[in-house]
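This briefing is intended for reading beside the sequence and the coordinates. Please keep both in view while going through the points.

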Amino acid sequence: MFGMITNFVDELRWRGMIQDITPGTEEQLAKEMTAAYVGFDPTADSLHVGSLIPIMLLMHAQRAGHKPIALVGGATGMIGDPSFKADERKLLDEETLQKNIDGISKQLSMFLDFNSGNNKAELVNNYDWMKEFSFIGFIRDIGKHISVNYMMSKDSVKKRLETGISFTEFSYQLLQGYDFLHLYREKNCLLQMGGSDQWGNITTGTELVRRVTGGSAFAFTCPLLTKSDGGKFGKTESGTVWLDPNRTSPYEFYQFWLNASDQDASKLIRLFTFCEKSTIEDLERQHAEAPHLRILQEALAKDITIRLHGAEEYEMAVAASRILFGKSTADDLKRLSEKQFLEIFNGVQQATISRNEFEEGIGIIDALSAKTGFLKSNGEARRDLQSNAISVNKEKVGENYTLNHSDLISDKFILLGKGKKTNFIIVVE
RNA sequence: GGGGAGAUACUCAAGCGGUCAACGAGGGCAGACUGUAAAUCUGCUGGCUACGCCUUCACAGGUUCGAAUCCUGUUCUCCCCA
């Protein structure tokens with residue numbers, strides 16, 4: 001895929017993805033194929049929806065004919081980035097780090113083309129070049145070029161001066177800066193991209209390149225994503241939304257996007273899809289006319305879910321959503337085959353009850369807490385029942401309900417619901 | 001080293017000898033209304049074999065018929081002086 005080389009900054013600009021940009025960046029991108037890199041922090045063995053933004057930056061770069069480089073911070077992950085963190089971070093051991101790097105690399109390969117064209121993506125690990133660096137060598141060859149005054153003037157450091165920052169974390173920006181220098185020399189990488197919280201670290205890199213080599217390196221950052229209600233993006237009640245389907249099921253992933261507020265949806269569809277400007281504006285018009293249909297959220301959720309998990313998983317998530325949130329009845333549920341049922345409710349919390357026990361009759365309170373652990377206590381079960389929150393196969397039940405044969409779906413499942421959004425499955429075996 | 005203040009449930013914060021499973025606010029969960037939204041209104045928010053019982057107010061003892069409340073010691077936090 002040797003496409004035309006284009007300056008993709010304008011594209012990113014209308015999508016609201018440019019916060020800070022160094023002078024001359026656009027000229028460089030218009031001139032020739034440019035290698036651009038983004039760093040990923042290996043703090044977990046999976047990326048989450050927040051990491052999709054830097055991934056999108058790399059994808060945009062590749063689509064514009066430039067060469068994307070994804071850097072995983074095997075070395076920097078051992079240090080911990082102090083940027084906008086209140087406390088000193090825990091250090092990861094090498095084994096965990098390696099596991100995390102493997103997981104992340106696998107996910108990146110789903111988004112970027114690592115195989116074809118002369119702008120194929122590349123994956124690098126800064127541990128590979130940092131591990132040989134001696135402390136003496138580093139402070140002599142690198143530390144000499146950057147003054148402490150310069151490093152202290154960074155926001156990320158300044159904010160920590162009052163509460164305290166270790167030398168380790170203080171040095172972080174130098175390590176990250178060296179990554180840029182290394183990639184500049186070894187891979188002719190001229191551009192670094194990242195979230196705006198990285199601006200300080202990134203400019204240390206461009207500065208280092210300038211002072212050491214006399215050449216020029218470029219950078220831009222993307223605004224950090226905030227939700228219109230002030231909450232943290234990428235989290236739901238049940239925690240972080242991961243890309244790994246074993247951590248966050250495709251259904252939950254789909255639901256995450258579908259539940260975006262109107263205000264956020266407009267922003268998100270620009271950030272996370274490749275839809276063209278006119279398409280998006282069209283969708284927004286339709287959405288404004290009939291907000292209850294949530295056209296934007298549907299389009300957004302569809303685009304991203306298919307890209308990450310594939311069309312089949314997407315269909316399944318939609319089917320599950322219809323059954324769970326549409327006006328489906330116990331009869332609809334009972335018509336499902338065992339296979340369909342399991343696919344739709346993949347990822348929903350389950351518990352097993354033996355057939356013998358079931359035959360003896362199980363009260364709804366036991367079924368919610370003691371026998372299954374879905375709820376923390378009988379008291380909680382009782383309270384929810386009293387407030388009319390509990391349903392068996394989509395039908396509300398009271399405190400005295402006892403599960404029986406006619407509740408079984410495919411002769412083995414029972415769907416319990418708490419409120420509109422929480423479901424549990426009992427498997428009778 | 002000397003002096004002072006404090007530690008209450010997820011968080012903030014009342015209570016200062018019985019009426020305290022503990023005011024209130026925030027958060028969370030649920031119900032109604034809705035668009036699986038927002039706003040609003042309502043209920044719930046220690047446990048249980050549940051109109052009663054049990055365990056909780058930093059920890060360990062003590063005084064008392066009775067303690068989150070009083071006393072002693074311990075740990076921790078904050079402030080002032082050196």
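Predicted model: local features only at pLDDT ≥ 70, side-chain atom pairs only at ≥ 80, totals over all residues.

Residues are numbered from 1 along each chain as its sequence is written, chains are lettered from A and ligands numbered from 1 in the order in which they are written, and side-chain values use heavy atoms, with hydrogens and water left out.

**Chain overview**

- Chain A contains 21 helices and 14 strands; helices (H or I, at least four residues) and strands (E, at least two) are DSSP runs, numbered from the N terminus.
- Along the principal axes, the C-alpha atoms of chain A fill a box of roughly 80 × 45 × 40 Å.
- Of the 429 residues in chain A, 51% count as buried; buried means under 20% relative accessible area, exposed over 50%, and partly exposed in between, with a 1.4 Å probe and protein chains only.
- Among contacts in chain A with a separation of 6 or more, 73% come from residues 24 or more positions apart, where contact means heavy atoms within 4.5 Å.

**Helices α10 and α11**

- Two packed helices are described by the angle between their axes and the distance between the axes.
- The axes of helix α10 (residues 172-187) and helix α11 (residues 199-213) come within 8 Å and cross at roughly 55°; axes are lines fitted to C-alpha atoms, for helices over the stretch in contact, and angles run from 0 to 180 degrees between N-to-C directions.
- The two helices α10 and α11 are therefore oblique to each other, given that angles under 35 degrees count as roughly parallel, over 145 as roughly antiparallel, 65 to 115 as roughly perpendicular and the rest as oblique.
- The crossing of α10 and α11 is right-handed; a crossing is left-handed if the near helix is turned anticlockwise from the far one by less than a right angle, and right-handed if clockwise.
- Residues making this contact include Tyr172, Leu174, Phe180 and Tyr184 of α10, and Ile202, Leu208, Val209 and Val212 of α11.
- By class, the contact of α10 with α11 has 10 nonpolar, eight polar and one charged residues; Ala, Val, Leu, Ile, Met, Phe, Trp, Tyr, Cys and Pro count as nonpolar, Asp, Glu, Lys and Arg as charged, and the others, Gly among them, as polar.

**Thr203 in α11**

- Thr203 is located in helix α11 and counts as buried because its relative accessibility is 15%.
- Leaving aside residues up to four places away in sequence, Thr203 touches Tyr150 and Lys154.
- The side chains of Thr203 and Lys154 are joined by a polar contact of 2.8 Å; a polar contact is a pair of N or O atoms within 3.5 Å, and within protein one must be able to donate a hydrogen and the other to accept it, while residues adjacent in sequence count only if both atoms are side-chain atoms.

**Helices α13 and α14**

- Helix α13 (residues 262-272) and helix α14 (residues 277-289) pack at an angle of about 165°, with their axes 11 Å apart.
- That angle makes α13 roughly antiparallel to α14.
- α13 passes α14 in a right-handed crossing.
- At the contact, Asp262, Ser266, Ile269 and Arg270 in α13 meet Ile280, Glu281, Leu283, Glu284 and His287 in α14.
- By class, this contact has three nonpolar, two polar and four charged residues.
- Helix α13 is mostly covered, with eight of its 11 residues buried; among them are Ala265, Leu268, Leu271 and Phe272.
- The elements covering the buried residues of α13 include α1 (9-14), α3 (52-63), α12 (250-258), α14 and α15 (295-309).

**Residues in strands**

- Gly39 lies in strand β1 (residues 35-40) and, at 40% relative accessibility, counts as partly exposed.
- The C-alpha atoms of Gly39 and Asp179 are separated by 9.3 Å, although these residues are 140 residues apart along the chain.
- Ser391 belongs to strand β10 (residues 390-392) and counts as buried at 9% relative accessibility.
- Not counting residues up to four places away in sequence, Ser391 touches Lys396, Val397, Leu415, Leu416 and Gly417.

**Loop between β12 and β13**

- Most residues other than glycine have a negative phi.
- Ser410, in the loop between β12 (402-403) and β13 (413-418), has a positive phi near 55° and is partly exposed at 27% relative accessibility.
- Asp411 is also placed in the loop between β12 and β13; its phi is positive, near 60°, and at 47% relative accessibility Asp411 counts as partly exposed.
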